[in-house]
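The entries follow in the order I made them.

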Amino acid sequence: MLALTLTAGALLLLTWGVYPLVVHALASVRRVQPPAPPAPLPTVTVVIATREDGELVCARVRDALAADYPDALLDVVVALDHAGAPDPKDIDCREPRATIVQGDAPGGKAAALNAGVRAASGEILVFSDTHQRFEPDSIPALVRALGDRSFGAVSGQLELPEAGHRSLVEQYWRFERRLRRDEARIHSSIGVSGSIYAMRRDLWAPLPAGLILDDLYIPMRLILGGHRVGFEASARAHDSRRTAVEQEFQRKVRTLTGNFQLCAWLPAVLLPGRNPVWLSFVLHKLLRLLTPWLGLALLVGVAGLAITAWGWWTLAVAAGIALPGILLAELLGLRRRLMTYLRWLWTMQAAVAVATMNGLTGRWNVWRQ
């Protein structure tokens, strides 16, 4: 029981505490020379895979074309999902620099991206979703970052909407962004933000049908090919949507299932001799998938040790300690916020459990789950 408790606690601490702190410390002492802007400026195509209606699509197109980048070097391709999106003929954004194409059959984001990139002419591809808005300097910042030829792709920074207090999801996302930034300073960010990232057109390869996470598969494929993946904090995309618990659960199930799919479809990421960021990949992605199971093992281990040492009455003592805490939270008006945090925490761990079952059974069709 003691070994179980110590092992579970150590792995949780390593995953969520030690690894981020070590990476941050290493990144802080590494000097990074800003790359020189490429000359001449490359052409850029913003590729948006979507299944939204024409009004939302055209608003997104206008925002992308408003970037502080020469008009003659910037265009947009919108790839409409073959399954469930409007017909391209029904969308007219009245923008000569915008092209609307139909995504490939049978549908899905990867198939739409494949069609969108085929229609793209830019030397740099910038990928985004429908509901975000770029700051005017975001595209130039991504292009400048790619001036370092060691980078095959560069992620921007997604900003979630602000509220009176940060939700657990917002706090997690701040933690995740800092970790990706620090990883990129050392070698490569483990994943990019699907809402805002750029890559060199000549490094593109068609995505396999049914792929869940282009924003993990693409960067890991580039890393395996000898390229680095950067993170540019000054390239910002703002999301105006606030996510409900149920929506975040569905999103988290998809993304975590995508981690399992990546290991099955790109198994070289699991090999230390092939993956130059293998340790970061294991600590950043794989061990996190064990969080609910490690947490349960830690809870069982601590309870077992307490009962062994002091008997079953320790459960009554624990309840006696918890009850005043609950009453104090009620008196201070914190109960609602506490319950919200606990609900988010429980939901996220439940998403890991569902994603684990999807991964073990090879169930990859999770977009409608």
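Which residues form one aromatic cluster? I find Trp16, Tyr172 and Phe175 in it. I used the pairing rule for rings of Phe, Tyr and Trp (its six-membered ring): centres within 6.5 Å, with planes under 30 degrees apart called stacked, over 60 edge-to-face and the rest tilted.

**Ground rules**

I am working on a predicted model, where local features need pLDDT of at least 70, side-chain atom pairs count only at pLDDT 80 or more, and totals for chains, interfaces and linings use all residues. Residues are numbered from 1 along each chain as its sequence is written, and side-chain values use heavy atoms, with hydrogens and water left out.

**Overall**

I noted 11 helices and 8 strands in the protein. These are DSSP runs numbered from the N terminus (helices H or I, at least four residues; strands E, at least two). Of the 369 residues, 47% are buried. Buried means under 20% relative accessible area, exposed over 50%, and partly exposed in between (1.4 Å probe, protein chains only). I then looked at contacts, meaning heavy atoms within 4.5 Å. Among contacts with a separation of 6 or more, 77% come from residues 24 or more positions apart.

**Aromatic rings**

I get 4 aromatic pairs by the rule. One of them is Trp16 with Phe175, a tilted pair at 5.9 Å centre to centre and 35 degrees between the planes. The pair links distant parts of the chain, with Trp16 in helix 1 and Phe175 in helix 5, 159 residues apart.

**Helix 1 on helix 5**

I turned to the helices that carry this pair. Helix 1 covers residues 2–29 and helix 5 covers residues 168–186. They pack at about 45 degrees, with axes 8 Å apart. Axes are lines fitted to C-alpha atoms, for helices over the stretch in contact, and angles run from 0 to 180 degrees between N-to-C directions. Helix 1 and helix 5 are therefore oblique to each other. The classes are roughly parallel under 35 degrees, roughly antiparallel over 145, roughly perpendicular from 65 to 115, and oblique for the rest. The crossing is left-handed. That term means the near helix is turned anticlockwise from the far one by less than a right angle; clockwise would be right-handed.

Which residues of helix 1 meet helix 5? I list Trp16, Tyr19, Pro20, Val23, His24, Leu26 and Ala27. Across from them in helix 5 are Tyr172, Phe175, Arg178, Leu179, Arg181, Asp182, Glu183, Arg185 and Ile186. By class, the contact has 10 nonpolar, 1 polar and 5 charged residues. Nonpolar covers Ala, Val, Leu, Ile, Met, Phe, Trp, Tyr, Cys and Pro; charged covers Asp, Glu, Lys and Arg; the others, Gly among them, are polar.

**Past the end of helix 1**

I followed the chain to Arg30, in the loop between helix 1 and strand 1 (44–50). Arg30 is partly exposed, at 36% relative accessible area. Not counting residues up to four places away in sequence, Arg30 touches Arg185, Ile186 and His187.

**Helix 1 on helix 8**

I checked another partner of helix 1. Helix 8 (residues 278–286) packs on helix 1 at about 130 degrees, with axes 9 Å apart. Helix 1 and helix 8 are therefore oblique as well. Their crossing is left-handed. Leu14, Thr15 and Tyr19 of helix 1 make the contact with Ser280, Leu283 and His284 of helix 8. I count 3 nonpolar, 3 polar and no charged residues there.

Thr15 got its own entry. Thr15 is buried, with a relative accessible area of 2%. Leaving aside neighbours within four places in sequence, Thr15 is in contact with Pro20, Leu283, Leu287 and Arg288.

**Covered helices**

How many residues of helix 3 are buried? In helix 3 (residues 109–118) I find 8 of 10. They pack against strand 1, strand 2 (74–80), strand 3 (98–102), strand 4 (124–128) and helix 6.

Helix 6 (residues 214–224) is mostly covered, with 10 of its 11 residues buried. Those buried include Asp214, Asp215 and Tyr217. Gly226 follows helix 6 and has a positive phi, near 95 degrees.
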